[in-house]
Amino acid sequence: MSDIRVRTARAHEHERVAAVTVEGFRSRNSAPRPERLALLRDTPGRAAAGDLLVAVHEPSGTLIGTASLLRPGTAYARLALPDEAELRLLAVLPEHRSRGAGGALLTEGIERARSWGMRALVLDTGRDNLVSQRVYHRLGFVRQYAREERENRHRPLKTAVFSHDLGRRRA
C-alpha cells in the first residue's frame, strides 16, 4: 500500500507548493530564467487555472510533489485544445523520486480530467527526459510528434508532447 496521497493544495500551502516546484525543477535545470521562476512560484495563478495537485507523504504529512492540472483556454495552458485538460509543472523533491509520487500525481490528473468531461489529457516534457517519458508510456500516454512541431514552433526549445485518451469521444 502506498504512503503517498494526492489531493488539492490548500491556500495556506501555496508558498510551500511553490518551494517544492522550484526545488523539483532546480535539480534538473541549474538556474531557471526569471520568467520561468515566476511561473514556478505562481501557485495561486495555477490553482485558479484548474487544480493545483500535491503529493503528500502520509506518515509525515510532508508535501513531496506537485502538478498543475489546467483547464483549456486558461492563462497557463499552452497545449490543450478545447476538449483537453493539460498537466504542467509536475515536480517531485529529489529525495522522494522513484517512489511513486510522480505516477500518483499523473494518475490523479487523469481521473480529475476525466471527471471534468475532457476527451484527453496532454502534457509535454524535455525531449531528453527519458525517465519521465517511460512513466508516461507506462500510464497510457502516447507521444504526439505532429503536435510538437505545430504547438511549439515559436519556442526555442522543442519538447516532447504526450496525450492520454480519457475515453470520451468528440460529438
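With which side chain does the side chain of Arg119 make a polar contact? The partner is the side chain of Glu84, at 2.8 Å; a polar contact is a pair of N or O atoms within 3.5 Å, where, within protein, one must be able to donate a hydrogen and the other to accept it, and residues adjacent in sequence count only if both atoms are side-chain atoms. Arg119 is found in the loop between helix 4 and strand 5 (120-126). At 15% relative accessibility, Arg119 counts as buried, a term that means under 20% relative accessible area, while exposed means over 50% and partly exposed lies in between (1.4 Å probe, protein chains only).

The model is predicted, so local features need pLDDT of at least 70 and side-chain atom pairs count only at pLDDT 80 or more, whereas totals for chains, interfaces and linings use all residues. Residues are numbered from 1 along each chain as its sequence is written, and side-chain values use heavy atoms, with hydrogens and water left out.

The protein chain contains six helices and seven strands; these are DSSP runs numbered from the N terminus (helices are H or I, at least four residues; strands are E, at least two). Along the sequence, their pattern is β-α-α-α-β-β-β-α-β-α-β-α-β. Of the 171 residues, 49% count as buried.

Helix 2 (residues 34-41) shows how burial can be arranged. Its buried residues are Leu37, Leu39 and Leu40. Seen down the axis of helix 2, these residues fall within an arc of 160 degrees, so they line one face of the helix; the arc is that of the directions from the helix axis to the C-beta atoms. The buried residues of helix 2 pack against helix 1 (14-26), helix 3 (43-48) and strand 4 (84-92), where contact means heavy atoms within 4.5 Å.

Ser115 lies in helix 4 (residues 101-115) and is exposed, with a relative accessible area of 59%. A polar atom of the Ser115 side chain lies 2.7 Å from the backbone oxygen of Arg112. The C-alpha atoms of Ser115 and Leu166 are separated by 9.6 Å, although these residues are 51 apart along the chain.

The charged end of Arg71 sits over the ring of Trp116, 3.7 Å from its centre, and that of Arg36 sits over the ring of Phe25, 4.9 Å from its centre. Such a placement requires NZ of Lys or CZ of Arg within 6 Å of the ring centre and within 35 degrees of the ring normal.
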